[in-house]
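The sequence and structure are shown first.

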Amino acid sequence: MGSTTPSSTHYLIIGGGTAGLVIANRLSEDPDVNVLVLEAGPDRSSDPEIQNPDAWHALPGSELDWNFKFEPQIGLNNREPEHPAGKVLGGSSVINGSVYVPPSPAGIDAWAELGNTKWNWETLEPYLRKSVSVTTPEEEICRAAGVEVHGFQDGPIQVTYPVLAEEKNHSLLRAWEEGFKSKGYEFTSDILPTRMVGTRAYVATVDPRSGLRSGADGRYGAEAAKRENVTVVTGAMVRRILFEKDSESVVATGVEVALSDGVVMTIGATKEVILAAGAFHTPQLLELSGIGDKELLSSLGIEVVVENPGVGRNFQNHLMGVLPCPLNKVPELEGLAPGIKALAFVRLDGEELADLAARFLPDDQVPDKVIRGILEKPNEASAFILLGMMPGASVAVLVMIPCFPASRGNIHVASTDPYAQPKIDACCFSHALDVELMARHLQKLHEVPALPALQHFFQPPAAAPDLEAIKALLHESAQTAHHACGTAAMLPRETGGVVDQELKVYGTENLRVVDASVFPLLPHGNPVATVYAVAERAADIIKGDADTGNTTV
Ligand SMILES: Cc1cc2nc3c(=O)[nH]c(=O)nc-3n(C[C@H](O)[C@H](O)[C@H](O)COP(=O)(O)OP(=O)(O)OC[C@H]3O[C@@H](n4cnc5c(N)ncnc54)[C@H](O)[C@@H]3O)c2cc1C
């Protein structure tokens, strides 16, 4: 790895986070190209405390978190939720909860329906496989649990079954599966399921050998950093992207960056600038650099390089409803470690969903029509449930997350200061469907602890409140998940797109975005699996363009 900061490189990657390190790794496989990664946070890849997956609760709010805060949310009774994001080499993959959930095929096929005909399940699936290696527990445990994994052997991210691997969890797991089976939800054995509704084994991005977290700073980052043609600079805050503009084209020539010693310098990029700063900073950097809504930029005195009002729009995130469940004192729960134990993907009754879709998702509006199409598929879940065990196991929590929220928020700069937080309005519950659907799921969640198979473990639950009371409760108490995405969306330009299907920023020759910002639609579960897959595919697209001479500079 080069040790000093070069003044020029072929590929300049802004943000050494989840997606940024995938790109750095894959592009630098070609020894003839130079890759520079500029990461604002520090390198903590060999700090065992940070890499301990159980320590993740302590990381949001720490110095490794950008500590974003939303504007008061009308839909959440004016609460101002916090949203962490990793400020560290490896980005949010270093502070996240390690839950690994591949996206659902219909959720990815919806990307094509939204206008990205080259992006669907068929084109993304190979990259899901390429990004991870799955280690299963002993054969006997897998056979008894019905777990199957095909392929998934060579990827840098290590994925394991930590709950299944510990035998003392098994009786709770069996009861969970039996309970849901009694409601018609079968266990889904494959890690890449073809049937979305049902229970699944919990899988996590944890290295089976060390027991430590497996994030982007692990093999992706470490392998890249060993190469002569890669330079990773930490503590490097990119302040804006620089362009050369004439009547024909807009070419990204490099960036202005503040290094950890206070030096501010410009660094040139002779092939491409790749923006991988995450769903909050990517739209912020685009706007600070002159790409965005003309009126907004002009009001702040920012010179407009490319006019595009889509920048910062289409913000999506999951909301969570939580039901605490007191536990019985039974020997099977003694000594269980806290944390997530089980997963279930569930669906409202078909008629109820059809009724909600007809009332709240008009057929002539996008993305409502596309979300409607997903919800109408009997194979698709409308929410997922996580069973979490609290320390001491006297209480468990059921966390319920609707899969495909219809509300859309926005993120915009409020000043020209690159260190100032952008204004984030998640617009939680701004789409009427979201609270209706979530309230019905929360009502049904009350049935779970009372399922005959689970009664041994859970104390009898209180009766579920009526729907109106639950809606009021959700406005008061729904939590935001940490799944921000969509703010530089891959969509046709006329429908709010910021990047095209090659992830190139519209109106530029050689600026790409590769991170969760490009998702046109949030996947049905936790998003990191999709971030890795998108970044893997993006690397192939960039390499392909280089091979065909499509990179214009
Ligand atoms: C607390 C938390 C828990 C989560 N839990 C889960 C989970 O259990 N499972 C799951 O699937 N997903 C989870 N997620 C979401 C998932 O981790 C993210 O969606 C994913 O990591 C985002 O990847 P990214 O590449 O888009 O951005 P990031 O990984 O955040 O990378 C962006 C990088 O850019 C850097 N950067 C930003 N601005 C600049 C700048 N101006 N100059 C230089 N560098 C800059 C940042 O420091 C960061 O390293 C969680 C997220 C959080 C925050």
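## Overall dimensions

The radius of gyration of the protein is 23 Å, which agrees with the value near 24 Å that a compact globule of 553 residues would have. The model is a predicted one. Along the principal axes, its C-alpha trace spans about 70 × 50 × 40 Å.

## Secondary structure and packing

The protein contains 15 helices and 22 strands. Buried residues make up 52% of the 553 residues. Of the contacts between residues at least 6 apart in sequence, 72% join residues at least 24 apart.

## Surroundings of the ligand

The ligand is surrounded by 42 residues, and the closest of them are G15, G17, G91, G97 and N526. By class, the shell around the ligand holds 21 nonpolar, 18 polar and three charged residues.

Several elements supply at least two residues each to this shell: the helices α1 (18–27), α9 (278–288) and α15 (528–547), together with the strands β2 (35–39) and β10 (237–245). The element that gives the most is α9, with four residues.

## The setting of H482

H482 is located in the loop between β21 (479–480) and β22 (511–513). Is H482 buried or exposed? H482 counts as buried because it has 21 C-beta neighbours inside 10 Å, and the cut-off for a buried residue is 20 or more.

Beyond its neighbours within four places in sequence, H482 is in contact with H83 and P84. Between H482 and N78 the C-alpha to C-alpha distance is 19 Å, with a separation of 404 residues in sequence.

Methods: Residues numbered from 1 in each chain as written. Predicted model: local features only at pLDDT ≥ 70, side-chain atom pairs only at ≥ 80, totals over all residues. Rg over C-alpha atoms; globule rule 2.2 N^0.38 Å. Buried ≥ 20, exposed ≤ 12 C-beta atoms within 10 Å, placed from the backbone. Contact = placed C-beta atoms within 7 Å. Near = placed C-beta within 6 Å. Nonpolar A, V, L, I, M, F, W, Y, C, P; charged D, E, K, R; others polar.
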